[in-house]
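The sequence and structure are shown below.

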Amino acid sequence: MRTAERTVAAAPAAAARPISRRRLRDREWVWGYLLIAPMVLGLGIFYLWPMVQSVYYSFTEWTLFGDSSWVGIANYTKLLHDAAIGKALINTFVYSALILLGIPVSVLVAALLNARGLRLVGLYRTLYFLPVVTMPAAVAMVWAWLYNGDYGLFNYLLGLVGIKGTSWVANPDTALYAVVLIAIWSAIGYNAVIFMAGLQAIPQHLYEAASIDGAGRIRQFFKITLPLLSPSVFFVSVLTVIGGLQAFDMFFLLFRKGNPAREDSQTVVSLFFTYAFEEGAKGYAAALAVVLLIITLVLTVIQFRLQKRWVHYAS
Amino acid sequence: MTGKMRALACAGALVAGLAGCSSSGESSDGTVTITWGHWGTADMWGPTATKLAQAFEKSHPKIKVKIEFTPNKEYWTKLQTAAASGSAPDVFWMNGPRIGVYASQGALMPLSDQIAKDKLDMSKYPKALVDLYQLDGKQYGIPKDYDTIGLFYNKDLFDKAKVKYPTADWTWDDVRKAADKLTDASSGVWSIGAPAWNQTHYYDTMVQAGGYIISDDKKKSGFDDPASLQGLQFWKDFLDKKQSPTQQQMTDTDPSVLFQNGKLAMFYDGSYDAVMYQNSKGLNWDVAPMPKGPKSNASIIHGLANVIYAKTKHPQEAWEFEKFLSSEEGNRIQAESGAVIPAYEGLADAWAKSMPGKNLQIFLDAATTAVPYPISKNTAVWARKEVDAITKAYTDGNQVEPIAKEFAATMNADLSAEK
């Protein structure tokens with residue numbers, strides 16, 4: 001902005017009219033705000049204001065159809081005694097931690113897709129990216145069939161080698177991990193795109209210098225590729241954790257009423273949905289959402305603190 | 001395009017969007033448009049809804065009906081938000097589990113005065129259903145259809161196992177004896193489906209054993225009643241003897257799908273699924289009354305009603321439409337769809353004859369002794385926990401009694417918290 005100001009301001013100065021120079025700067029100030037207005041207003045109206053409202057709602061109790069009353073911190077004290085929330089928090093943390101395993105997989109995929117001389121690279125990239133643009137409902141339906149205990153593909157394949165599989169998404173012992181696998185699979189395409197961009201930004205001359213110095217490919221990967229890719233890894237891991245904490249769609253779609261795994265496989269957001277929209281306890285649900293917001297903030301701050309130890313930004 | 005023009009275009013789009021939101025209103029020629037919300041699927045209900053609206057518009061030229069379809073899964077979340085913000089449809093479908101909360105919180109218009117004024121004869125509808133849509137002595141909905149439960153069975157599987165078909169005088173013991181013979185693990189056939197479903201399964205057997213689900217004053221849970229426990233245990237025995245697929249298997253593959261594909265010999269199900277089985281190719285089915293338990297063979301009856309939104313801008317027009325839907329003519333149009341049993345007296349016979357050779361009459365007979373679907377003011381709160389608890393009780397390795405008793409305590413707490 002500053003450089004732009006200077007160059008634009010230079011023109012009227014040449015015409016020797018000091019007043020218009022000032023007016024133009026004023027106008028530029030207006031234009032600046034006008035141009036960011038759609039973004040700021042959008043964020044303000046659709047993100048910040050609802051966030052403020054949610055905090056306010058968390059101190060109120062609602063009847064189903066819109067009358068509210070102030071209840072102070074009652075919702076928060078109730079949260080402390082809700083056993084379902086403790087279970088949902090553990091599930092959410094375990095899930096968020098496990099889906100980080102998708103990052104090394106995505107790095108590997110990105111490295112393969114980036115390999116020189118790979119044929120049909122466009123096709124592979126499309127295939128890996130397809131899950132990202134597929135509707136979650138369709139993803140859930142296909143995976144529910146793959147996981148089906150009696151007629152699913154996975155158990156058929158396991159049967160060929162003599163293993164009897166379970167009902168993967170209906171068995172409380174396996175359900176959470178089954179969803180983790182879907183999440184990792186769904187995210188590979190998106191993550192790989194970011195990693196590919198990161199890989200392409202690594203200067204080629206570093207590899208050349210390294211190979212002249214006698215470093216093998218594996219050594220190059222660990223000493224050059226990984227450190228220089230770390231900003232991308234950091235970015236993806238922050239997004240993955242935030243996404244994990246907000247996990248909802250697969251849990252909502254796969255754990256319907258009557259699924260024996262449902263009660264033990266709730267996440268914070270699926271519990272929020274149950275409280276707010278099935279039981280109509282909107283104030284209580286808002287308190288749960290505020291708690292989740294705080295947890296997300298804390299975890300993200302911790303990640304930003306830790307990044308100093310392992311993320312290398314090439315200067 | 002200059003910036004100014006773009007801003008104008010955006011503003012225009014916004015205004016247009018807002019205008020698009022207002023759903024019902026009065027146009028310049030005095031025609032009033034009312035909206036009618038429902039969740040009936042397009043293939044089964046869509047044409048019938050259109051026919052009903054057209055027939056009504058013909059006899060009421062000053063009123064137009066706009067049909068608003070929402071899939072069942074999103075219907076209640078959407079309706080709740082719309083009702084809170086004052087924009088719910090003028091007339092909409094209602095079910096038993098939700099009537100308590102909608103009526104007690106003032107979202108519905110009481111119809112008792114209009115019913116009295118226009119002399120509507122409520123005895124034309126099954127009493128259990130009329131009662132279902134009553135709260136504190138006021139009528140909030142008029143039943144449009146009903147459903148009861150029967151024992152569906154696969155004739156081919158019975159023949160193969162050389163077991164006689166179920167009859168009207170069957171008891172629980174007869175079901176058990178038949179179940180002992182019908183399971184055929186080698187071809188993946190189970191005797192019976194025992195999912196943790198309430199309306200079609202354990203509610204019925206709880207009542208048949210002499211128990212109850214909720215006390216008449218809606219203050220006490222029946223899940224710790226000894227007779228109720230017997231009714232809950234009925235299904236557990238089939239599960240323990242591996243005569244039914246497990247809860248996990250029935251989560252993966254819906255038991256109604258298993259029945260359609262000849263994997264279940266017997267399946268308790270609602271009258272509303274008869275048309276689905278009728279359309280299943282290669283399925284040789286019929287239906288019998290539910291077998292008698294220690295006390296009775298009573299069925300749970302449930303049915304939908306049309307209700308009027310409390311904040312409707314056109315209460316008079318909405319009432320006219322409600323009245324039409326509840327009328328003999330409205331029910332007749334509905335009967336032609338074949339999907340549901342119309343609530344109006346006498347019209348159900350046409351439905352019972354819609355599938356020749358199938359004993360659909362049992363569903364109509366069941367209605368005469370049926371017990372209303374159990375509800376309280378905020379059914380949704382304990383109903384969710386109930387499904388989770390009973391699902392757990394029906395899972396391998398768990399006992400019914402302790403889990404049901406624990407749930408009864410939870411339900412009692414929820415009931416005492418209702419206002």
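## Packing of two helices in chain A

In this predicted model, helix α13(A) passes helix α14(A) in a left-handed crossing. The contact of α13(A) with α14(A) is formed by residues that divide into 10 nonpolar, no polar and 1 charged.

Helix α13 of chain A spans residues 268-278 and helix α14 of chain A spans residues 282-310. Their axes lie 8 Å apart, and the helices pack at an angle of about 165 degrees. Because angles over 145 degrees count as roughly antiparallel, α13(A) is roughly antiparallel to α14(A).

## Residues at the helix contact

On the side of α13(A), the residues are A:V268, A:L271, A:F272, A:Y275 and A:A276. They meet A:K282, A:Y284, A:A285, A:L288, A:A289 and A:L292 of α14(A).

## Helix α14 of chain A

Helix α14(A) has 29 residues. From its first C-alpha to its last, α14(A) reaches 42 Å, close to the 42 Å expected at 1.5 Å a residue.

The buried residues of α14(A) are A:K282, A:G283, A:Y284, A:A285, A:A286, A:A287, A:L288, A:A289, A:V290 and A:L292.

## Contact between chains A and B

Chain B contributes 25 residues to the contact and chain A contributes 22 residues. On the side of chain B that touches chain A, the elements giving two or more residues are α3 (72-84), α11 (247-252) and α18 (379-393) of chain B. Of these, α18(B) gives the most, with 7 residues.

The residues on the side of chain B that touches chain A divide into 10 nonpolar, 11 polar and 4 charged.

Methods. Residues numbered from 1 in each chain as written. Chains lettered and ligands numbered in written order. Predicted model: local features only at pLDDT ≥ 70, side-chain atom pairs only at ≥ 80, totals over all residues. Axes fitted to C-alpha atoms, helices over the stretch in contact; angles between N-to-C directions. Helix = DSSP H or I, 4+ residues; strand = E, 2+ residues; numbered from the N terminus. Parallel < 35°, antiparallel > 145°, perpendicular 65-115°, else oblique. Left-handed = near helix turned anticlockwise from the far one by under 90°. Contact = placed C-beta atoms within 7 Å. Nonpolar A, V, L, I, M, F, W, Y, C, P; charged D, E, K, R; others polar. Expected span 1.5 Å × (residues − 1). Buried ≥ 20, exposed ≤ 12 C-beta atoms within 10 Å, placed from the backbone.
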